[in-house]
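Here's a quick tour of a protein model for someone meeting it for the first time. Have a look at the sequence and the 3D view, then work through the points below.

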Amino acid sequence: MSEKILLVLDADPPPRLGRLTGRTRILHTDAPSLAEHLPRADVLLVWDFTSRAVREAWPGEGPRPRWVHTASAGVDHLMCPELAASDTVVTNARGVFDQPIAEYVAALVLAWAKDLPRTATLQRAHEWRHRETQRVAGTRAVVVGSGPIGQAIAGTLKALGISAALVGRTERPGIHGPEDLDRLLARADWVVAAAPLTRTTYGMFDAHRFGIMQPSARFINVGRGPLVVEDALVEALSRQWIAGAALDVFEREPLPPDDPLWDVPGLVVSPHMSGDTVGWRDELGTQFVELYELWEAGKPLPNVVDKKRGYVPGH
């Protein structure tokens with residue numbers, strides 16, 4: 001049996017692959033050298049999940065990896081027509097980020113409802129100003145994206161007493177279809193975008209969608225940056241069509257220091273960190289090692305992405 005070659009598109013820090021060390025030949029590459037190494041690799045681990053190098057380097061005809069795994073939930077950064085049309089299996093890191101992102105969303109909801117940012121501001125000013133805050137129990141949320149992350153967000157919000165409606169690609173028990181979205185948005189106190197980036201979700205939160213939300217509504221995007229038309233969100237905040245927003249993902253990442261989004265009143269900007277908790281990289285490495293051992297043994301892989309849809313089906 002020939003030695004398997006595992007190619008890792010590196011990021012800093014590199015992955016800890018534990019018991020794979022010494023069992024398989026592991027090669028490391030950066031983006032400029034990826035195209036050179038791809039044809040001889042059996043498996044590609046996209047550890048640098050912010051890189052779009054796979055899209056640019058993927059070979060057309062000829063040898064290519066039989067399996068590509070990305071250490072992320074989204075796959076839009078690596079999917080290209082050649083990869084989608086190939087017989088290469090693509091898997092993602094589904095399961096690692098679900099609850100951390102749900103907790104992050106819940107933290108934003110509670111911080112807004114309890115006016116915590118203003119409390120911190122007033123403390124720095126040594127100003128004692130009593131205020132009344134909002135109860136979250138009894139409010140309504142819409143979570144767009146019915147995969148594991150969306151389901152974890154809805155479950156966590158429900159634990160706070162919030163009524164959370166899930167919207168997915170198709171209607172099914174417990175899940176609303178896209179045709180219900182506008183109706184649900186018009187009644188929601190909290191709107192959370194947690195959908196994958198596909199042809200149908202690109203720019204789905206536009207001027208129309210922000211325009212039908214309540215003036216008291218707050219919007220959170222923990223999905224993919226291009227789900228949101230950023231200029232439309234800025235207009236919605238400046239015109240007070242909605243009460244506030246939080247973006248953890250953006251059209252351009254990292255967000256440049258001179259980007260006007262940093263200074264939009266009512267907008268919370270965070271650097272794509274909602275799913276990144278202490279030890280998350282080790283968890284991603286452990287998940288990949290477990291998947292690799294299944295692949296090596298010829299067993300079916302979980303988390304297989306439908307390459308035409310752009311996500312793992314079944315939710």
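Five strands line up as an open sheet in the order S2-S1-S3-S4-S5, with parallel pairing. Strands here are DSSP runs (E, at least two residues), helices are DSSP runs too (H or I, at least four), and both are numbered from the N terminus. Two strands count as paired if DSSP finds at least two bridges between them. This is a predicted model, where local features need pLDDT of at least 70 and side-chain atom pairs count only at pLDDT 80 or more, while totals for chains, interfaces and linings use all residues. Residues are numbered from 1 along each chain as its sequence is written, and side-chain values use heavy atoms, with hydrogens and water left out.

- Strand S1 (residues 5-9) and S2 run parallel and are joined by five bridges. Within that pairing, Val8 stands opposite His28 in S2.
- Helix H10 (residues 280-296) lies across S1, strand S3 (43-46), strand S4 (67-70) and S5, and runs at about 165° to S4. Contact, here and below, means heavy atoms within 4.5 Å.
- A bit of background: in a regular strand the side chains alternate between the two faces of the sheet.

**The six-stranded sheet**

- Six strands make up an open sheet in the order S7-S6-S8-S9-S10-S11, and the pairing is parallel.
- Which strands stand at the edges? They are S7 and strand S11 (267-269), each pairing on one side only.
- The twist averages 15° from one strand to the next.
- Strand S6 (residues 140-144) pairs with S7 in the parallel sense over five bridges. Ala141 stands opposite Ala164 in S7, and Val142 has Ala165 in S7 as its bridge partner.
- Both of these strands are mostly covered: four of the five residues in S6 are buried, and four of the five in strand S7 (residues 163-167) are buried as well. Buried means under 20% relative accessible area, exposed means over 50%, and partly exposed is in between (1.4 Å probe, protein chains only).
- Over at S11, three bridges join it to strand S10 (residues 244-247), and the two run parallel. Leu247 has Val269 in S11 as its bridge partner.
- Helix H4 packs on this sheet and touches strand S8 (190-193), strand S9 (218-221), S10 and S11, with its direction at about 155° to that of S9.
- Helix H9 (residues 230-238) also packs on the sheet, touching S9, S10 and S11, and its direction makes about 150° with that of S10.

**How H4 meets H6**

- Helix H4 (residues 98-113) and helix H6 (residues 148-159) pack at an angle of about 45°, and their axes are 8 Å apart.
- That makes H4 and H6 oblique to each other. The cut-offs: under 35 degrees is roughly parallel, over 145 roughly antiparallel, 65 to 115 roughly perpendicular, and the rest oblique.
- On the H4 side, the residues in contact include Ile101, Ala102 and Val105, while those on the H6 side include Ile149, Ala152 and Ile153.
- By class, the contact between H4 and H6 has 10 nonpolar, two polar and one charged residues. Ala, Val, Leu, Ile, Met, Phe, Trp, Tyr, Cys and Pro count as nonpolar, Asp, Glu, Lys and Arg as charged, and the others, Gly among them, as polar.

- The peptide bond from Asp12 to Pro13 is cis, with omega near 0°, and Pro13 lies in the loop between S1 and S2.
- Another cis peptide bond runs from Glu253 to Pro254, with omega near -5°. Pro254 lies in the loop between S10 and S11.
- Gln240 isn't a glycine, yet has a positive phi of about 60°. You'll find Gln240 in the loop between H9 and S10.
- Is Gln240 buried or exposed? Gln240 is exposed, with a relative accessible area of 62%.
- His272, not a glycine either, has a positive phi of about 50°. His272 lies in the loop between S11 and H10, and counts as partly exposed at 29% relative accessibility.

Definitions and conventions. Axes fitted to C-alpha atoms, helices over the stretch in contact; angles between N-to-C directions.
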